[in-house]
Amino acid sequence: MKKFYIKTFGCQMNVRDSEIMVQILRSHGHQPVMDIADADLILLNTCSIRDKAEQKVFSLLGQLRDLRQKSANNQDIILAVAGCVAQQEGEKICKRMPDVRLVVGTQQFYHLPEMIERLESGQSAREIRCALAPDFTIPPFQKLFHAGMDQPGHSLPCSAQDQFKQFVTIMQGCNNFCSYCVVPHTRGREISRPATDILEEVRFYADQGAVEITLLGQNVNSYGTTNQVADIRVDFADLLYRVAEIDGIKRIRFTSSNPHDLSDKLMQCFKDIKQLCPHFHLPVQSGSNQVLKQMNRKYTRELYLEKVAGLREHCPDIALSTDVIVGFPGESDQDFAQTMDLLETVKFHASFSFKYSDRPHTRSASFTPKVAEPVKKERLQTFQARQDQISLERNRELVGSVQEVLVEQIHDQGIQARTGSNHIVHLGPHAHLKTGKFAMARITKAGMHSVQAEVEST
Ligand code: SAH
Ligand code: SF4
Ligand code: F3S
């Protein structure tokens, strides 16, 4: 049996996949450890969304290889790579890094225990080292978790105190093929999990005390159009109504959605479902129609602004966040000015912004002219500086209001909680508050990335 350590890079989907891997490995008798130095199976769950993300993985792999080669004791350590870099660069990793003994693709990680067993039993390493074949079936929840979940007091290590907040993957892959994006290549085509299975998983967490559920997919708005298994037919909005019926679930969140298929029916959910948090992450990527077209985003800036107006009409307090790419091939000063103008118009509460980077197999990798690195850097700084000011302005709007917050972490210095609108709230120490509990808090001070508050009642 192995003592394993998983290091996770990338998005929530990867974080969730790591949790599932922990669960599967535990259910086969392997033991998670908190310190990498104690592990004899080190698994990197990787991200390849941008060039930088991928470089990080290779540099860490180099360090681990050196560590492994340094002492005789370390020879037994199994170094394994999973996730999006594994899927994309699997063959290359196998060739370049003989120390890596297992490379597991994004659709193969359910078979991890079996692969470890085969490695341990001395089967030809070469045969099992690189498991990248597409396997579009997502095992049913019960099958995945059964063994581990039956044990009393089971918990996911690293997140034992986070049980009040759970993530549930509702679909895999993406069919959108935005021209810059590697995800359809690393995660494959889109598949929706059967609704009955998702609801069973949510019910299970609710029974265990979860109060918040985040539904995950690369493009949740198209949930239900790509089911493989015959099941109750529901679209994403229907799924939200059904999740809201589950006792104990007080907060529902989801991510991520492409604006082009954000339906009126989904907007209506923000009026109808009180558990649905007033926060929407709606990646815009660019404010220029010319760039959006090249990105194959399938919407215009006008349509995006219409969706924003629709959301605000249905839910006046909704907080909006977004993703932006600067320096896409061919992006002119005028195009970038359009992105800045859109930021000014919408005044997002928060945003994640990135310098464009070429990714393997994507269409935009061959687009020209490329934007020079210093220009990208300057545009990113300009965007981020203005976003910081806007975030501060937005946070100031909250000062004086009383908000319901969910306590997420308790430190010596104080308490960190979160509003439904996804604002991070710092509270002073409080005797009666525990993680996973709700409180009413009066916001007293605004910062750029969080606000301070005092507890009004618990
Ligand atoms: N499925 C999500 C996006 C997942 S990737 C969605 O469509 O909303 C997260 C973010 O990474 C994207 O929104 C985009 O802003 C950024 N990104 C993706 N590919 C990129 C690339 N090649 N260069 C720079 N940023 C990129
Ligand atoms: Fe990538 Fe576009 Fe799919 Fe998001 S919607 S994962 S950006 S291809
Ligand atoms: Fe990264 Fe893969 Fe997620 S590329 S962002 S880990 S889907």
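Q: Helices (H or I, at least four residues) and strands (E, at least two) are DSSP runs, numbered from the N terminus; where does that put Ser 256?

A: Ser 256 sits in the loop between strand E11 (251–255) and helix H10 (264–272). This is a predicted model, where local features need pLDDT of at least 70 and side-chain atom pairs pLDDT 80 or more, while totals for chains, interfaces and linings use all residues. Residues are numbered from 1 along each chain as its sequence is written, chains are lettered from A and ligands numbered from 1 in written order, and side-chain values use heavy atoms, without hydrogens and water.

Q: Peptide bond from Thr 255 to Ser 256: cis or trans?

A: That bond is cis, with omega near 5°. Most peptide bonds are trans.

Q: What joins Thr 368 and Pro 369?

A: A cis peptide bond, with omega about -5°. Pro 369 is in the loop between strand E14 (350–355) and helix H14 (373–398).

Q: Switching topic, which residues of the largest nonpolar core touch the most other members?

A: Leu 215, Phe 236, Leu 239, Leu 240, Phe 254 and Phe 280, out of 66. Such a core is a set of buried Ala, Val, Leu, Ile, Met, Phe, Trp, Tyr and Cys residues joined through side-chain atoms within 4.5 Å. Buried means under 20% relative accessible area, exposed over 50%, partly exposed in between (1.4 Å probe, protein chains only).

Q: And Phe 177, what does it count as?

A: Phe 177 counts as partly exposed, at 32% relative accessibility. Its phi is positive, near 50°.
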